[in-house]
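Thank you all for making the time; I would like to walk you through one structure, slowly and with the terms spelled out as we meet them. Please have a look at it first.

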Amino acid sequence: MKNARYDEFQLATRHKIAFQSFILVLILIGVNGYVKAGYGIWASPFLESFILVWIPSMYFAVMSIVKNAYFSKNDYPVLVAVVLGLAATMGFFSTVPFIFSEEFPFIENGQLSDRIMGLLIAIISVGMGVALIVRRALNRRMDRGGE
């Protein structure tokens with residue numbers, strides 16, 4: 001992102017997606033409070049906060065990429081895609097050995113296990129990476145079609 005200049009349409013789209021992400025945060029906090037009041041603690045505080053922050057963050061990032069409001073024109077951060085790929089690989093390989101063993105429960109003592117953090121990071125990284133790759137391919141196709 002050498003020259004992050006966005007046009008008015010991109011800024012308006014980013015603001016709309018940010019507002020939707022904010023509404024999503026409010027809904028998740030409400031659902032979290034309802035579940036905690038009715039069921040009890042469903043995850044450790046660290047995992048709970050991770051999930052409540054990263055779901056709207058992933059929504060914002062993926063929707064911004066899909067709506068072409070994430071990067072300026074012809075700005076394709078290959079480094080970001082590589083880092084996301086590495087994070088997905090590390091998250092996946094940190095979780096897979098435990099999934100196939102008998103000592104990896106997804107739920108421990110009625111709470112979501114902290115061991116799924118790597119799997120969640122892998123899912124988030126893959127989602128954002130796929131969105132970046134698809135957007136880059138679509139932009140290249142549109143650039144070739146316009147010439």
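In which sense, left-handed or right-handed, does α1 pass α2? Before the answer, a word on the source: this is a predicted model, in which local features need pLDDT of at least 70 and side-chain atom pairs count only at pLDDT 80 or more, while totals for chains, interfaces and linings use all residues. Residues are numbered from 1 along each chain as its sequence is written, and side-chain values use heavy atoms, with hydrogens and water left out.

The crossing of α1 with α2 is right-handed, meaning that the near helix is turned clockwise from the far one by less than a right angle. Helix α1 covers residues 8–38 and helix α2 residues 45–66, and their axes come within 9 Å and cross at roughly 155°, which makes α1 roughly antiparallel to α2, a label for angles over 145 degrees.

Turning to the aromatic rings, the structure holds 2 aromatic pairs, where a pair needs ring centres within 6.5 Å, and planes under 30 degrees apart count as stacked, over 60 as edge-to-face and the rest as tilted. F50 and W54 form a tilted pair, 5.8 Å centre to centre with 40° between the planes, and both lie in helix α2, 4 residues apart. F50 is buried at 12% relative accessibility, whereas W54 is partly exposed at 35%; buried means under 20% relative accessible area, exposed over 50%, and partly exposed in between. The rings of F92 and F93 are edge-to-face, because their planes stand at 70°, with centres 5.6 Å apart.

Conventions:
Axes are lines fitted to C-alpha atoms, for helices over the stretch in contact, and angles run from 0 to 180 degrees between N-to-C directions. Helices (H or I, at least four residues) and strands (E, at least two) are DSSP runs, numbered from the N terminus. Angles under 35 degrees count as roughly parallel, over 145 as roughly antiparallel, 65 to 115 as roughly perpendicular and the rest as oblique. Rings of Phe, Tyr and Trp (its six-membered ring) pair if their centres lie within 6.5 Å; planes under 30 degrees apart count as stacked, over 60 as edge-to-face and the rest as tilted. Buried means under 20% relative accessible area, exposed over 50%, partly exposed in between (1.4 Å probe, protein chains only).
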